[in-house]
Amino acid sequence: QLQASGGGLVQAGGSLRLSCAASGRTFSRSGMGWFRQAPGKEREPVAGISSSGGLTTYADSVKGRFTISRDNVKNTVYLQMNMLKPEDTAVYYCALSGRTWGWPNEYDYWGQGTLVTVSS
């Protein structure tokens with residue numbers, strides 16, 4: 001089970017940190033990812049991280065502004081979002097892969113989503 005939190009309303013240029021807590025004993029062996037879906041658009045990948053945390057990747061649209069990280073003791077993955085833009089407004093989902101690296105489309109379990117709204 002994946003539980004995402006940390007969404008909210010923020011002004012453009014602001015920051016938010018999303019968290020996703022995972023239950024179960026496979027977290028430390030699982031690649032994790034963050035995705036988002038804006039109104040009227042398809043879901044898109046945002047960031048991915050390997051099971052150890054040693055490898056990360058980002059969509060071009062968030063590169064340099066967002067940082068994905070994980071804590072394998074707390075079974076939690078994070079998405080630090082800085083310099084937010086109105087176009088970042090979306091429901092953000094975390095996802096867990098059955099592999100050590102799931103990017104971009106090898107994810108098996110999904111959280112419920114948390115809404116991020118960026119006002120201009």
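Is Asp60 buried or exposed? Asp60 counts as exposed, at 66% relative accessibility. The views below come from a predicted model.

**Figure 1. Asp60 and Lys63 form a salt bridge.** The side chains of the two residues meet at 3.1 Å, N to O. Asp60 has 66% relative accessibility, over the 50% cut-off, so the residue counts as exposed. This pair belongs to a set of five salt bridges found by searching the whole structure.

**Figure 2. Asp88 and Arg36 meet in a salt bridge.** The N to O distance is 2.9 Å. Asp88 sits in the loop between β8 (76–81) and β9 (90–96), and Arg36 in strand β4 (residues 32–37), so the contact ties together parts that are 52 residues apart in sequence. Asp88 counts as buried, at 1% relative accessibility. Arg36 counts as buried too, at 5%.

**Figure 3. Asp88 also meets Arg65 in a salt bridge.** Here the N to O distance is 2.7 Å. The pair links distant parts of the chain, 23 residues apart. Asp88 is in the loop between β8 and β9, while Arg65 is in the loop between β6 (56–58) and β7 (66–71). Both Asp88 and Arg65 are buried. Shared partners join the salt bridges of Arg36, Glu44, Arg65 and Asp88 into one network.

**Figure 4. Four strands make up an open, antiparallel sheet.** Their order is β1-β3-β8-β7. β1 and β7 are the edge strands, and each of them pairs on one side only. On average, neighbouring strands of the sheet are turned by 15 degrees against each other, direction ignored. Strands of a sheet pair through backbone hydrogen bonds, in either a parallel or an antiparallel sense.

**Figure 5. The side chains of edge strand β1 alternate between two faces.** β1 covers residues 2–5. Leu2 and Ala4 point to one face and are buried. β1 pairs with strand β3 (residues 16–22) over four bridges, in the antiparallel sense. Within β3, Ala22 is the bridge partner of Leu2.

**Figure 6. β7 and β8 pair in the antiparallel sense.** Six bridges connect the two strands. Phe66 stands opposite Met81 in β8. β7 is an edge strand of the sheet.

**Figure 7. Asn75 has a positive phi without being a glycine.** The angle is about 55 degrees. Asn75 is found in the loop between β7 and β8. At 18% relative accessibility, under the 20% cut-off, Asn75 counts as buried.

**Figure 8. Met83 is another non-glycine residue with a positive phi.** Its phi is about 50 degrees. Met83 lies in the loop between β8 and β9, where Asp88 is also located. With 47% relative accessibility, Met83 counts as partly exposed.

**Figure 9. A cis peptide bond runs from Trp103 to Pro104.** Omega is near -5 degrees. Pro104 is in the loop between β9 and β10 (109–110).

Notes: Residues numbered from 1 in each chain as written. Predicted model: local features only at pLDDT ≥ 70, side-chain atom pairs only at ≥ 80, totals over all residues. Heavy atoms only, no water. Salt bridge = Lys/Arg side-chain N within 4 Å of Asp/Glu carboxyl O. Buried < 20%, exposed > 50% of the residue type's maximum accessible area, 1.4 Å probe, protein only. Pairing = 2+ DSSP bridges. Axes fitted to C-alpha atoms, helices over the stretch in contact; angles between N-to-C directions.
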